[in-house]
Amino acid sequence: MKKFNVGIIGATGMVGQRFMTLLADHPWFNVTALAASARSAGKTYQEAVGDKWSFPTPIPEKCADMVILDAEADMDKIAASVDFVFCAVNMDKAKIRALEEAYAKKEVPVVSNNSAHRFTPDVPMVIPEINDGHIEVISSQKKRLGTKRGFIAVKSNCSLQSYVPLLHPLKKYGVKEAVVCTYQAISGAGKTFETMPEILDNVIPYIGGEEEKSEKEPLKIWGTLENGEIVNADGPAITAQCLRVPVSDGHTAAVFVKFENKPSKEDILSAWANFKGAPQELNLPSAPAQFLKYLEEDNRPQAKLDRMEGNGMSVTAGRLREDSVYDYKFVGLSHNTLRGAAGGAVLLAELLAAKGYFD
């Protein structure tokens with residue numbers, strides 16, 4: 001695989017920082033441009049981030065002295081120096097939509113961590129192991145945008161990773177409905193314990209917009225490509241509650257599920273253990289060898305112990321048992337800034353690279 005030059009738009013935020021750690025030694029991707037708001041433009045990355053660096057490992061040496069460009073004003077300069085960009089900006093949704101389309105129209109593919117284009121019908125929203133075929137809609141999107149190689153592809157909401165991958169291999173049994181309660185880490189809000197003191201000794205039972213995303217985004221992921229658009233699936237029906245909990249990283253989900261044809265517990269465990277997707281088949285650099293891993297202990301998965309399974313790219317499950325109201329219940333866990341955010345976007349970019357979309 002040839003090396004691709006990459007820009008990070010929104011490089012100073014927590015997800016942008018996570019992109020930096022993942023791309024520092026990436027075998028396929030070489031960071032050549034960093035961009036943020038006008039407030040950070042002109043500073044070195046080290047100067048702009050300063051004490052807001054969120055990770056125990058230091059800022060990657062080769063990027064510390066890179067000068068940050070203005071994501072809007074320096075678009076032409078950025079476009080000239082990259083093969084594609086990752087986008088993780090913190091802006092109003094309408095502005096994000098316009099910014100990402102502007103890059104695409106400059107013939108720069110955009111792999112977005114943002115939610116702004118998740119429901120644009122010809123923008124694929126991809127969990128690479130589940131709906132890699134949706135990237136074929138890009139040809140229709142290019143026609144709409146009038147581009148030769150510019151397009152937008154997005155990853156789904158971070159909390160979905162803790163339950164949608166576990167439901168997906170069970171769809172052959174006819175998943176009718178699911179109840180999901182997610183217990184979400186503070187890094188999902190771009191926070192640390194220092195910057196979110198109100199979470200200590202506390203649970204906050206509201207995360208703006210999260211429940212709607214949790215209920216609706218899976219239907220696009222499970223949708224079908226028809227006439228140049230992704231058409232949402234009719235079901236299963238999902239209802240969600242989302243809580244912010246005092247955990248640094250790792251979103252946990254308590255899941256209750258009802259089937260058309262109830263499988264045995266052994267059927268479910270076998271479906272999880274044997275499930276593989278395109279990233280495993282293509283041996284992509286960020287793909288975990290075991291995507292779904294079941295833990296037998298009664299008190300697992302735990303965020304502190306299990307979020308780094310598969311370098312933070314696996315989804316772990318536990319406590320699978322029959323339920324008195326639904327057919328089964330179980331607990332899922334995913335790392336929200338790795339599998340759920342920057343890592344999921346890097347894996348999507350690897351899939352696009354392997355399929356020739358950056359050529």
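In this predicted model, strands S2 and S3 (residues 69-70) pair in the parallel sense through two bridges. Within this pairing, Ala36 stands opposite Asp70 of S3. On S2 there is also a pairing with strand S1 (residues 4-9): the two run parallel and are joined by six bridges. One of the residue pairs here is Asn5 with its bridge partner in S2, Asn30. Strands of a sheet pair through backbone hydrogen bonds, in either a parallel or an antiparallel manner.

These pairings belong to a wider arrangement. S1, helix H1 (residues 14-23) and S2 together make a right-handed β-α-β unit. Of the eight residues of S2 (residues 29-36), six are buried, so this strand is largely enclosed by the rest of the structure.

Attention may now turn to the salt bridges, of which the structure holds eleven. One of them connects Arg339 with Glu129, whose closest N and O atoms are 2.9 Å apart. Because Arg339 lies in helix H12 and Glu129 in the loop between strand S5 (110-112) and helix H6 (138-145), this pair ties together parts that are 210 residues apart in sequence. Both Arg339 and Glu129 are buried.

Another salt bridge joins Glu322 to Lys262, with 2.5 Å between the closest N and O atoms. This pair likewise links distant parts of the chain, 60 residues apart: Glu322 is in strand S13 (residues 315-322), while Lys262 is in the loop between strand S11 (251-259) and helix H9 (265-274). Glu322 has a relative accessibility of 53% and therefore counts as exposed, whereas Lys262, with a relative accessible area of 42%, is partly exposed.

A further salt bridge is formed by Arg300 and Glu297, the closest N and O atoms being 3.8 Å apart. Glu297 is partly exposed, its relative accessible area being 39%.

How values were computed:
Residues numbered from 1 in each chain as written. Predicted model: local features only at pLDDT ≥ 70, side-chain atom pairs only at ≥ 80, totals over all residues. Heavy atoms only, no water. Buried < 20%, exposed > 50% of the residue type's maximum accessible area, 1.4 Å probe, protein only. Helix = DSSP H or I, 4+ residues; strand = E, 2+ residues; numbered from the N terminus. Pairing = 2+ DSSP bridges. Right-handed = clockwise from strand over helix to strand, strands pointing away. Salt bridge = Lys/Arg side-chain N within 4 Å of Asp/Glu carboxyl O.
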